Amino acid sequence: MSKQITIPFGPQHPVLPEPLHLDLVLEDEKVVDVIPTIGYVHRGLEKLVEKREYTEYVFIAERICGICSFIHSQTYVQGIEQIMGLEIPERTQYLRTIWSEYSRLHSHLLWLGCFADSMGFESVFMNAWRLREHILDDLEATTGGRVIQGVCKVGGVRRDISPEKLDEMVKGLKGIEHQLQDLTNVFLHDSSIQHRLKGIGVLSKEDAYYFGAVGPTARGSGLAIDIRETGYAAFGKINFKPVVEYDGDCYARCAVRAKEMFTSIDIIEQCVKKIPDGPVDMKVTGAPDGEYLSRAEQPRGEVIHYIKGNGKKNLVRHRVRTPTFTNIPPLVTLLKGCELADVPVIVLTIDPCIGCAER
Amino acid sequence: MMEPQTITPISVGDVVRKVEQAKKDGNRLVQIGCTKIEDNFEILYVFDKDYKLTNYRVTVKQTDEIPSISGVYFGAFVYENEIHDLYGIHVKGINIDFKGTFYKTVVKHPFSVTITKEDDACQNK
Amino acid sequence: MTYLAKSPWIIHYDASSCNGCDIEILACLTPMYDVERFGIINTGNPKHADIFVVTGSINEANREVIQNIYNQIPDPKVVVAVGICACSGGVFRECYNVAGGIDKLIPVDVYVPGCAARPESIIDGIVTALGVLEEKRKNHISSPMVTDHDHKAHHKHAQGGAQ
Ligand code: SF4
């Protein structure tokens, strides 16, 4: 047996936009053990419920992560509305669906870019981010914010989108669809990318399920787990199928995300067709008394907000279990047995979002 | 409106048996979370199968020890280390035990105590 | 921009930010905003860098890292705090694990407000930083080595686990 050495990976590392730290135990070039350390971004924001009223806390919930910001606020208010028994207007549900799909598009494009960059594919990185600006422009035009939207509130949303703007948004998405196609073609058919990704970092279906993988990480291993199917917001009234790939390797996870973007565009289109007229918010009085586990599908997978209130303005507990947090055990298994040079690529295929994971 | 949820209270001794049963039934582990209610700590185990949640709750004191379920679900170690670091509840037999270094916090077991942070001078400038 | 004869390189570190500001910094590098036209390149190595861009606030785990990076950057160096978190702690200032803005630990030259800071204001901040950098270079101003005196005490306090 050759000698073992331990290599620290991160927290400040060129391929990582965010601080994640891994201790890689190596035997020659092979990784034999991985010990993750987190906590570089830990703020302890869940404890702020003691200081903020439940209506103000939406802003904190949104800032758990700047990439899935909209969906965090959506999940949080959804939980509060459920506890308080609010029937929020139909139109709001559709608007929330549209925005959450927009955030998925922007997140997936962001990921495709960063991922390409980690493989040294700079031009794809630039192109993905150029397309992403289109999505952000629409988000900004409709919500007022590029990455932190601040548009959700308990009992509805702050802004409505006019019918003309909705049509324009769909037209815009149709306009960039073929560019997206070109971009995803690179990921799905380019031979050097396939060479880097196929058969690397394989996660079996069994492991994915019991180790707690969610989102594209699970769907790349043949598990059809997609919380959107539970029909929260307006997803119950929309036709869509979760994208599932069966190989469980880096390529499969990458393909899931690439194909999901088209599902998102399709969902937005359906929403625009079906969206009813009506108010977008309602008056909310009182305070939540009860507990609920609110779930939603983020770009990275299932997120859970556990909310417990006791009839006071301040909640008793708000706990967030984010997709990256539960994707850490599968990541540890994925890395064992791989080569050192593949580590950055494998780490990025679970789309780690450390801001989320550590809160 | 989403489906209502129920939470079944169980005792500390039952945890491992119930979790094993859940795994046999084909559930995946969704999360383990902790809540402090006055002097008690409620630990919530959540499982999911076909989008149906099964929830178990145990109520313990901080001095109590809870058994680890990482032998059943490998991925449980992240939650158990978290409970240990943030609440100070001892979890026995975690497969990857960070021994309190998972989260590095200024205050030890921040969620088990009341923290008052005086306003910073720079904020009032 | 006539005073700019050199290509300044930046190094970016994500302290405990929510990612909002980080992705906006990355967005600055991409075709829409394209700061590379000023010769600005984002590098991963502190010894190559002139400008230290920090997002997010100081917390227990990253103070050492920030300090290390800061000390490793060769003189002259400029620090830009991007986002309200980095300026003062922002919405998270009352969190138990947040010690406050970056200026609690290292000297900051330019503050870029916003939550999230917009790419335009980030670019504006970096261009302002270029001016500061040029001045420091001309006057041979060297930055101090930073050591974190409180840190030891914190450190002891933070260790533990239920014994
Ligand atoms: S300033 Fe706002 S967007 Fe930027 S890191 Fe802080 S919370 Fe996130």
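Two strands are said to pair if DSSP finds at least two bridges between them. In the predicted model described here, strand 1 of chain B and strand 4 (residues 52-60) of chain B meet this condition, pairing in the parallel sense over two bridges. Within this pairing, Thr8(B) stands opposite Tyr56(B) of strand 4 of chain B. Both strands belong to an open sheet of four strands in chain B, with the order 1-4-3-2 and mixed pairing. The edges of the sheet are formed by strand 1 (8-9) and strand 2 (28-37) of chain B, each of which pairs on one side only.

Chain A is divided into two domains, domain 1 covering residues 1-42 and domain 2 covering residues 46-350. Their contact takes 16 residues from domain 1 of chain A and 14 residues from domain 2 of chain A. The centres of the two domains, taken over C-alpha atoms, are separated by 27 Å.

Between them, domain 1 and domain 2 of chain A bury about 1,300 Å², and 79% of this area lies on carbon and sulfur atoms. Across the interface, zero salt bridges are found, and zero residue pairs are in polar contact with both residues at pLDDT 80 or more. On the side of domain 1 of chain A that touches domain 2 of chain A, at least two residues each come from strand 1 (4-9), strand 2 (21-27) and strand 3 (30-37) of chain A. Strand 3 of chain A gives the most to this side, with six residues. By class, the residues of this side of domain 1 of chain A comprise 13 nonpolar, no polar and three charged.

Definitions and conventions: Residues are numbered from 1 along each chain as its sequence is written. Chains are lettered from A and ligands numbered from 1 in the order in which they are written. This is a predicted model: local features need pLDDT of at least 70, side-chain atom pairs count only at pLDDT 80 or more; totals for chains, interfaces and linings use all residues. Side-chain values use heavy atoms; hydrogens and water are left out. Domain bounds come from an automatic or database domain assignment. Contact means heavy atoms within 4.5 Å. Buried area is the accessible area (1.4 Å probe) that two parts lose on being put together, summed over both. A salt bridge is a side-chain nitrogen of Lys or Arg within 4 Å of a carboxyl oxygen of Asp or Glu. A polar contact is a pair of N or O atoms within 3.5 Å; within protein, one must be able to donate a hydrogen and the other to accept it, and residues adjacent in sequence count only if both atoms are side-chain atoms. Ala, Val, Leu, Ile, Met, Phe, Trp, Tyr, Cys and Pro count as nonpolar, Asp, Glu, Lys and Arg as charged, and the others, Gly among them, as polar.
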